[in-house]
Amino acid sequence: MAIFIMTVFYVFKDKRYSPILAAYIVFNFLFFIIAPMLQIHEVFANNDLKMPTKLIYKDHLMIKTSIFILIFNIVFFVSYRYFLSRKVVLKPYFKDKYLPIHLLILFGVCLLIFALNFDHITSEYIDNNYKVNKDVSKSALLLKEKIVLMIPFPIFLLSVYYLKKAKKKSINYYAIIVLSILLLVLLLAIKNPLTEKRNALGPIYLTIIFFLIPKLLNTNFKALIFLFFSMIIIFPTISLITHSGYSLDQLRAKPKLLLYQLKNHGISNTFTTLNYDAFINFAATIEYVEGDRLSYGEQLSGGVFFFVPRKIWTNKPISSGEFIGEYLKDNYGNPRSFTNLSNPYVSEGYLNFGLLGVILFAIALAYFLYIMVIWLNGFDPLKIAAGFYASMHMIFFLRGDFTNGYAFLMATFIVLLVIPKIYFLVFRAAMKKTKTNV
């Protein structure tokens, strides 16, 4: 009922463009309503109480999980409506007359980045993108793949912004058209289904589409329908490639491998697999807390300070998804059980602070969505990009676990907002110093 009321408000009452709320609605509908219903139905249909993560079905556990989710949704919606009621004055965006020069300089930087990381990029084409390089730390890999190799992303978006604002008959306009095409080719060469997982590809590609053809996703209704359709059809199909475990050479030599994946791991089976394990992992978290204790912020600290390497922070907590995965392995699995599971955002709140955590995390999420809506309805192109990227990333973030969702989102915000700002500040300072010397 809470999700239904939220959907009615979103489609008919919400006047601001807010695709991030569409993502929240779609996530709850698919992961907390449809998926658990089908998974519980399968439990009784097969007369086997083991759920997809091997957690044993218990009536009281399913009811308790549903109640906490309901509380989370009510608190979130009330908080979100409250934040939206506040008046906001949108600041105009500073127009830089040197933007074409900046784009040329930054394109050169992108080419340098591509050249310096060419071996790493080509190795991802040769090997499947789930192969773990044990010689490289997770922090170093995050820095390289989510920040350094993402730098062409904001540069391309700025070039599109320039083309929409510039005079079409100027020399700069045609030069930036060529530059935009080259940047797009470079970006797609670095970020594609053979080099990146779908949880990162979706937000990147959709943000590009939004900047190129905004009319496709420029209303709340369009955003809601598109995200719902994407989660049912598009992303499960992409998953057949990114989770296939096959390299480019294998797929090129035997295209039938994809048909094999479709036949044995088809889209229709998605809701009863680990791809939709958010509800039952929250249930497992509740069961763990009942038998042990709350984390009281210990688990949360590992996510918030994700950038601190384990070599420095030797007792750094593992992610909550892995933590609950280990619990399920020890109590319901076997030595070979898969432990790298998701753990939804609401579960993170409960694991750390119980019912209070569910309430506080709901308020914090509502405020974050409110800020993203402000950015999306503003004039700064990179804040608009960050807001839209966050909207498309939100389903992955809500599914969890918190450590990975938060780390990937913060890394993208650094690329979209921090690095360009530092560049422009340095450039303006240098220009000011040059004029002073003259």
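Let's start with N47, which counts as exposed, since its relative accessibility is 73%. The secondary structure comes to 18 helices and zero strands. Here's a quick tour, topic by topic.

**Two loop residues with positive phi**

- N47 has its place in the loop between α2 (19-45) and α3.
- The phi of N47 is near 55°, which is a positive value in a residue other than glycine.
- K54 is found in the loop between α2 and α3 too, and phi is positive there as well, at about 80°, although K54 is not a glycine.

**The chain as a whole**

- Of the contacts in the protein chain with a separation of 6 or more, 77% are between residues 24 or more positions apart.
- The protein chain exposes about 22300 Å², and carbon and sulfur atoms supply 67% of that area.

- The average pLDDT of the protein chain is 84, and 87% of the residues score at least 70.
- Which helices mark the two ends of the confidence range? Confidence is highest in α16, at a mean of 95, and lowest in α12, at 59.
- A word of caution here: where pLDDT is low, the predicted coordinates should not be read in detail.

**Nonpolar cores inside**

- As a rule, nonpolar side chains in soluble globular proteins tend to be buried together.
- The largest nonpolar core here has 125 residues, and the members touching the most other members are L21, F76 and L365.
- Helix α16 (residues 345-376) gives the most to this core, with 16 residues.
- What does L365 touch? Leaving out residues up to four places away in sequence, the list is Y24, F72, F76, Y345, M394, F397 and L398.
- Another core, of five residues, lies apart from the largest one, and L142, F306, A407 and F408 are among its members.

- M1, F4, I5, V8 and F12 make a nonpolar surface patch of about 590 Å².
- F12, one of the patch residues, is found in helix α1 (residues 2-13).
- Buried or exposed? F12 counts as exposed, because its relative accessibility is 62% and the exposed class begins over 50%.

- D277 lies in the loop between α12 (256-264) and α13, while R399 lies in helix α17 (residues 381-399), so parts 122 residues apart in sequence are tied together.
- D277 and R399 are both buried.
- R293 counts as partly exposed at 43% relative accessibility, and E298 is partly exposed with a relative accessible area of 42%.

**Two buried serines**

- S391 lies in helix α17 and counts as buried, with 0% relative accessibility.
- Not counting residues up to four places away in sequence, S391 touches P19, I20, A23 and L376.
- S180 has its place in helix α8 (residues 171-190) and is buried, with a relative accessible area of 6%.
- Beyond residues up to four places away in sequence, S180 touches F156, S159, V160 and L163.
- S180 and I155 are 25 residues apart in sequence, and their C-alpha atoms are 8.7 Å apart in space.

**A cis peptide bond**

- What joins G400 and D401? A cis peptide bond does, with omega at about 5°.
- D401 is found in the loop between α17 and α18 (402-437).

Definitions and conventions:
Residues numbered from 1 in each chain as written. Heavy atoms only, no water. Helix = DSSP H or I, 4+ residues; strand = E, 2+ residues; numbered from the N terminus. Contact = heavy atoms within 4.5 Å. Areas by Shrake-Rupley, 256 points an atom, 1.4 Å probe, with all protein chains shown as cover. Patch = residues over 30% accessible without salt bridge, like charges linked within 9 Å, V, L, I, M, F, W, Y side chains within 5 Å. Salt bridge = Lys/Arg side-chain N within 4 Å of Asp/Glu carboxyl O. Buried < 20%, exposed > 50% of the residue type's maximum accessible area, 1.4 Å probe, protein only. Core = buried A, V, L, I, M, F, W, Y, C linked by side-chain atoms within 4.5 Å. pLDDT = per-residue confidence, 0-100.
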